[in-house]
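With the model open in a viewer, please follow the stops below in order, making each selection before reading what is there.

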Amino acid sequence: MFWLFPALALGGCHLVLLDPSGDVARQQSDLMIASAVLMSLIIVPVLIAVGVIAWRYRASNKKAVYDAEWDHSTYLELIVWAAPLLIIMALGAMTWIGTHQLDPYRPLTRIAEGRSAHVKAKPLEVEVVSLKWKWLFIYPQYGIATVNELAAPVDRPIHFKLTSSDMMDSFFVPSLAGQIYTMPGMQTVLNAVINKPGDYDGFSANYSGHGFTDMRFRFHGLSAKGFDQWVAKVRASGHDLDRAAYEKLHKPSRDEPAHYYAQYASGLYDRILNRCVEPGQMCMSQMMAIDAGEAHAPRARHGADAMTAEPSSQAPAHDAAAH
């Protein structure tokens, strides 16, 4: 009867990783379950064989025959090596295919099993910024922004662009898709879709300091009409996420309540990504462009010098300029 207690204790739990509401997470769950089943085909028989052999050849079993001269069996060797090899080949093929199909950078080709993504349907664009210790979501198509609250229409592809203001975090909505890292000065991409209306948990899956445990948000899967109403509610908030408001938001805080911004400063996400929000800061993209220009400058000067030194020799001058 003792085995009933774990079953009863887990009866009220929602194993979201095994029963997600988004197609990408569903495919990842199916891949995980199929991999576990394949591995159990070799693990379970081995565990059973260990128990059988230990029982059969126990010291008190005088009927067990011990053959001191036995050292090889071709049939046993084939079973021992062929079965794991086939399983490893199947796992490798399944994982390789699944890894490419579920690449977070790959645009969605379907929104659910048997339902392809419409080519004309424009994905919902969401720019994600991880802060200390909260999440900023920017909707460039609607001109709004939110903190610690995310929403998307059901069955509409979502295209996330993600970065961080200070440290590495991990954006994770288990019902939607797998986790993906956010890093300062770098951008990651995630494509996903939610298929069922509801409220879902989102959080950071990477430790980032003492406020890490409060770095949570709510993700709302809404109907098309419900999403339009949510956007209207955000716009009605009247708050403006200008540079001064962002500087205030950027300060570390714990357990930040969800709040809305009816509009935000133009190019805010790109400035956060390029680490040039503060006035007078040079953006990383500008610095890299300058560095790239200086790297090519010596070659250009070398070509010009060669052309000047040998004006009558067209072929060498042409080669130098090409380099």
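Begin by selecting Arg218 and Asp201, whose side chains meet in a salt bridge at 2.2 Å, N to O, the term being used for a side-chain nitrogen of Lys or Arg within 4 Å of a carboxyl oxygen of Asp or Glu. Arg218 lies in strand 12 (residues 216-222) and Asp201 in strand 11 (residues 198-204), so the pair ties together parts that are 17 residues apart in sequence; strands (E, at least two residues) and helices (H or I, at least four) are DSSP runs, numbered from the N terminus. Arg218 is partly exposed at 33% relative accessibility, and Asp201 is partly exposed at 48%, where buried means under 20% relative accessible area, exposed over 50%, and partly exposed in between (1.4 Å probe, protein chains only).

Before moving on, note that this is a predicted model, in which local features need pLDDT of at least 70 and side-chain atom pairs count only at pLDDT 80 or more, whereas totals for chains, interfaces and linings use all residues. Residues are numbered from 1 along each chain as its sequence is written, and side-chain values use heavy atoms, with hydrogens and water left out.

Next, select Arg254 and Asp214, which form a salt bridge through their side chains at 2.8 Å, N to O. This pair links distant parts of the chain, 40 residues apart, with Arg254 in the loop between helix 5 (243-250) and strand 14 (259-261) and Asp214 in the loop between strand 11 and strand 12. Then select Arg26 and Asp19, where another salt bridge spans 3.0 Å, N to O; the structure holds six salt bridges.

For the aromatic rings, select Trp135, Phe137, Phe160, Phe171 and Phe217, which form one aromatic cluster. A search of the whole structure finds 14 aromatic pairs, a pair being rings of Phe, Tyr and Trp (its six-membered ring) with centres within 6.5 Å, counted as stacked if the planes are under 30 degrees apart, edge-to-face if over 60, and tilted otherwise. Trp135 and Phe171 make an edge-to-face pair, 5.6 Å centre to centre with 75° between the planes. Trp135 lies in strand 4 (residues 134-139) and Phe171 in strand 8 (residues 169-172), so the pair ties together parts that are 36 residues apart in sequence. Trp135 is buried at 0% relative accessible area, and Phe171 is buried at 1%.

Now turn to Tyr142 and Phe227, whose ring centres are 5.5 Å apart with planes at 80°, so the pair is edge-to-face. Tyr142 sits in the loop between strand 4 and strand 5 (144-147), and Phe227 in helix 4 (residues 224-235), 85 residues apart; both Tyr142 and Phe227 are buried.

Finally, select residues 34-57 and 78-98, where UniProt, in an unreviewed entry, places the feature "transmembrane region"; its positions are given in the numbering used here, feature names are shortened, and annotations may be inferred rather than shown by experiment. Residues 34-57 are 96% helix and 0% strand, with end C-alpha atoms 35 Å apart, while residues 78-98 are 100% helix and 0% strand, with end C-alpha atoms 30 Å apart.
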